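Here's a quick tour for anyone meeting this protein for the first time. Have a look at the sequence and the fold, then read on.

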Amino acid sequence: MILPKKGVDKTEISKRLDAFRTGDLDWRSGKVFGYVFDPGKEAMEVGKEAYMKFLTENALDFTSFPSLYKFEKEIVEMAVTHLNGGTEAVGNFTSGGTESIILAVKAARDHARVHKPGITEPEMILPITAHAAFHKAARYLNVKVVPIPVDDTFRADVSALKGAITPNTILIVGSAPSYAHGVIDPIAAMAAVAKENGLLFHTDGCVGAFMLPFFKKLGEPVPDFDFSVPGVTSISMDLHKYAYTPKGASLVLYRNREIRRHQIFACSHWTGYTIINNAILSSRTGGPMAAAYAVLNFLGEDGYMDIARKKIEATKKLLAGVRKHKDLRIMSEPDFCMFSFTSDTISVFHLIDEMNSIGWYIQPALSYENSRQNIHLSINFSNVEWVDAFIKDLYKSIEKVRGVKYGELGDVLKKEFENKDPDSLSDQDIRQLLEMGSIGGEGFPEAMADISEMLNALPAKLRERLLIEYTNGIF
Ligand SMILES: Cc1ncc(COP(=O)(O)O)c(C=O)c1O
């Protein structure tokens, strides 16, 4: 593409934009489990209108735009009350779960620099189910990840946690819930270990923290995970997921200002304007804050209780449907409206392709440690009315893929690459591997089963190398 010499007219631009959508997931169908969180037409409109009203305001400097300061302050106050933060807890608005997590890890690292200056190689203890964003934070911030195992329900192993603490530990992480299996780690026991050892503890409530209090009010057995738990020192909670606000909205909360201080960035070491940032980004639109404020207030507690009630019902129905089928196995009974299931008799990757080819979107997850390859479902408000149809199509699709041969490519690759250092592979080796997974050519592949099977057979480090090389090649 080159910049056109003459500007293109508005109608043509609009047509072109619509044409760009061809091939995107049709989230409006209600048949997509993930990615888009649709609160229904009216709430979506409220969010959009607020977003557009503040699209051009800049959160770079809250003193120039007190409106944005006020949105942030009111939203954080609401969140602190929601998560039992009392009078001491504070927080900030960020662009998403990943940014909230990076900031929480940065705060922990810099808190340690001040309070434990002897630590030169900081470590963070993560259950293997913790979100990839913590690994991103670790790599960006030069913090070492110390992984701990999870039990067969995919909850963190507390005795392994105790054994993983070293003089370099700066932070322990638990999820409420973890994305993959929708289960809540034993937060109270883990945070107690952190407290006994004088360590910070972060609850990753990106996906669950907003909705879980509503689940609890509706009588679901939700274990404590928030600031009511002694030892929890920070929490990430996304609004752009199950609070159904437009994207670019998350919160990072701290038990007190003393910890949060280490999150904030100020810079006078240059010749331009003075910088103070609560978040990673500097210039950013005020849209997500205004939209979050609008949707939270529009739906209110009653609106969210209604959504929660319907989602609980839908999740239970889906679980029952999966449980009833002899070829399927739920990986772990979830604590939330998301879960994973697998099969010992058919290829889950082909089942996913089959379902997605008839208008659904469900997500594959590769095997990792004691979690085998599976199908992940994040249940959305918009999925609620499609549950019966989903189960029907799932059963039909199982019959279609029964007998499909799988695993052969994986077995060959496993043998060849299990013990190879990914960094020692040449560009030619990488190209060959990508071609084996049918992802060497132009465009995106329609069917993903071969790619998933290939990646599934390879060690995590090699998977990462392939994904990086592929992405580096296509942009
Ligand atoms: C538990 C958990 N933490 C963190 C994240 C990262 O959030 P984001 O995609 O908004 O960066 C997710 C995303 O699904 C999540 O489920």
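Which residue in β4 does Glu123 stand opposite? That would be Thr169. Keep in mind that this is a predicted model, where local features need pLDDT of at least 70, side-chain atom pairs count only at pLDDT 80 or more, and totals for chains, interfaces and linings use all residues. Residues are numbered from 1 along each chain as its sequence is written.

**The sheet**
- Seven strands make an open sheet with mixed pairing, in the order β1-β7-β6-β5-β4-β2-β3 (strands are DSSP runs of E, at least two residues, and helices are runs of H or I, at least four residues, numbered from the N terminus; two strands pair if DSSP finds at least two bridges between them).
- At the edges sit β1 (90–94) and β3 (144–148), each pairing on one side only.
- From one strand to the next, the twist averages 20° (axes are lines fitted to C-alpha atoms, for helices over the stretch in contact, and angles run from 0 to 180 degrees between N-to-C directions).
- β2 (residues 123–127) and β4 (residues 169–175) are parallel partners, joined over three bridges.

**The ligand's surroundings**
- Among the residues around the ligand are Gly96, His131, Asp204 and Ser250 (near means a C-beta atom, placed from the backbone, within 6 Å).
- That shell splits into four nonpolar, six polar and two charged residues (Ala, Val, Leu, Ile, Met, Phe, Trp, Tyr, Cys and Pro count as nonpolar, Asp, Glu, Lys and Arg as charged, and the others, Gly among them, as polar).

**Domains**
- Domain 1 covers 50–294 and domain 2 covers 408–474, with bounds from an automatic or database domain assignment.
- Their centres, taken over C-alpha atoms, are 33 Å apart.
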